[in-house]
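Here is a short briefing on one protein chain. Look at the fold first, then read the points below.

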Amino acid sequence: MEVDSRLINKLKEAEKIVFFTGAGISAESGIPTFRGEDGIWNKLSPEELANFNAFMRNPKLVWEWYQYRKNIIHNSKPNAGHYAMVEFEKYFPSVTVITQNVDNLHKRAGSKIVYELHGNIERNFCIKCKKRYDTELEFLDGIPKCDCGGMIRPDVVWFGEYLPADQLKNSELATISSDVFFVVGTSAVVYPAAGLVYTARQYGSFIVEVNTETTEVSKICDVNFQGKAGEILPRILDKLKKIKY
Ligand code: OAD
């Protein structure tokens, strides 16, 4: 893989870097993606598992699914792609990660600024009084309950729900001011998150896609790397080390 000379030139002058990530960045950590060959949504329906009405209809089933995913996440580790993003912090004054993932792996890898557009599977809250529960939950009949009697749900964004306003606002600001905007491991089909790529385009960032496949936004990117994030990002980092020192 040749690292594009236009990218190298941009990185030489860049100060503000954004990594916008999706499930593909965690694929090499063993966490299944949503779409594509082995995607979760090929086997399960978002209507039954990832929306509030589904939770009210069958909280036990939704919790079983989240416990199953949490288990996979707890047994996984950040990969070379996550760690490469952390290393970028040595070379640029501003590095921001904007993620659609709920798996917490960017923070576990050590990234300092991480905006989570779809929540975080490690957090929970009561649907009645909104009290937060971020430690181990107790399950009675398969459903964790709050002191007030309300049901506790995972603090993730389900279909039809708003994104956390502060995380979205901060993500937009970081995107607008970015010099280089990396789009890593996302199919870029879920909005409003995917809209950030168009914002980056509108505000003149240099957009670099890293994905194993072509996506909805491939055409509006300046450079497309086809391959695994865990292999490509470390290679870009190697080049960066040579030009920055
Ligand atoms: P998707 O599953 O839609 O897309 C994953 C992308 O990662 C695909 O484009 C793959 O080609 C790519 N990919 C797979 N392995 C890769 C690798 N090793 N390196 C680089 N790319 C790789 O996941 P998202 O785009 O994150 O929302 O999905 C967006 C949202 O849809 C999720 O946040 C979730 C889901 O429904 C909610 O739960 C609200």
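Asn-101 touches Thr-21, Gly-22, Ala-23, Ile-25, Ser-26 and Gly-119, leaving out residues up to four places away in sequence. Touching, or contact, means heavy atoms within 4.5 Å. This is a predicted model: local features need pLDDT of at least 70, side-chain atom pairs count only at pLDDT 80 or more, and totals for chains, interfaces and linings use all residues. Residues are numbered from 1 along each chain as its sequence is written, and side-chain values use heavy atoms, with hydrogens and water left out.

**Around Asn-101**

- Asn-101 sits in the loop between strand 2 and helix 8 (105–109). Helices (H or I, at least four residues) and strands (E, at least two) are DSSP runs, numbered from the N terminus.
- Asn-101 counts as buried because its relative accessibility is 7%. Buried means under 20% relative accessible area, exposed over 50%, and partly exposed in between (1.4 Å probe, protein chains only).
- Asn-101 and Phe-181 are 80 residues apart in sequence, and their C-alpha atoms are 17 Å apart in space.

- Six strands form an open sheet with parallel pairing, in the order 3-2-1-9-10-11. Two strands pair if DSSP finds at least two bridges between them.
- Strand 3 (114–116) and strand 11 (223–226) stand at the edges with a single partner strand each, so one side of each has no neighbour in the sheet.
- From one strand to the next, the twist averages 15°. Axes are lines fitted to C-alpha atoms, for helices over the stretch in contact, and angles run from 0 to 180 degrees between N-to-C directions.
- Three bridges join strand 2 (residues 94–99) to strand 3 in the parallel sense. Ile-98 stands opposite Tyr-115 in strand 3.
- Helix 10 (residues 195–202) lies across strands 1, 2, 9 and 10, at about 155° to strand 9.
- Helix 11 (residues 229–244) lies across strands 1, 9, 10 and 11, at about 160° to strand 9.

- The largest nonpolar core has 30 residues; Leu-7, Ile-17, Phe-19, Phe-88, Phe-182, Leu-233 and Ile-236 touch the most other members. Such a core is a set of buried Ala, Val, Leu, Ile, Met, Phe, Trp, Tyr and Cys residues joined through side-chain atoms within 4.5 Å.
- Helix 11 gives the largest share of this core, six residues.
- Ile-236 is in contact with Val-3, Leu-7, Leu-11, Phe-88, Phe-182 and Phe-225, leaving aside neighbours within four places in sequence.
- A second, separate core of 24 residues includes Trp-41, Phe-55, Trp-65 and Val-102.

**Two domains**

- The chain is divided into domain 1 (1–31 + 78–118 + 163–245) and domain 2 (32–75 + 123–156). These bounds come from an automatic or database domain assignment.
- The contact between them takes 13 residues from domain 1 and ten residues from domain 2.
- The two domains bury about 910 Å² between them, 61% of it on carbon and sulfur atoms. Buried area is the accessible area (1.4 Å probe) that two parts lose on being put together, summed over both.

**Strand 4**

- Six of the eight residues of strand 4 (residues 119–126) are buried, so the rest of the structure largely encloses this strand.
- Strand 4 pairs with strand 8 (residues 152–156) in the antiparallel sense over four bridges.
- Strand 4 and strand 5 form a hairpin with five residues between them, and Lys-130 in the turn has a positive phi of about 70°.
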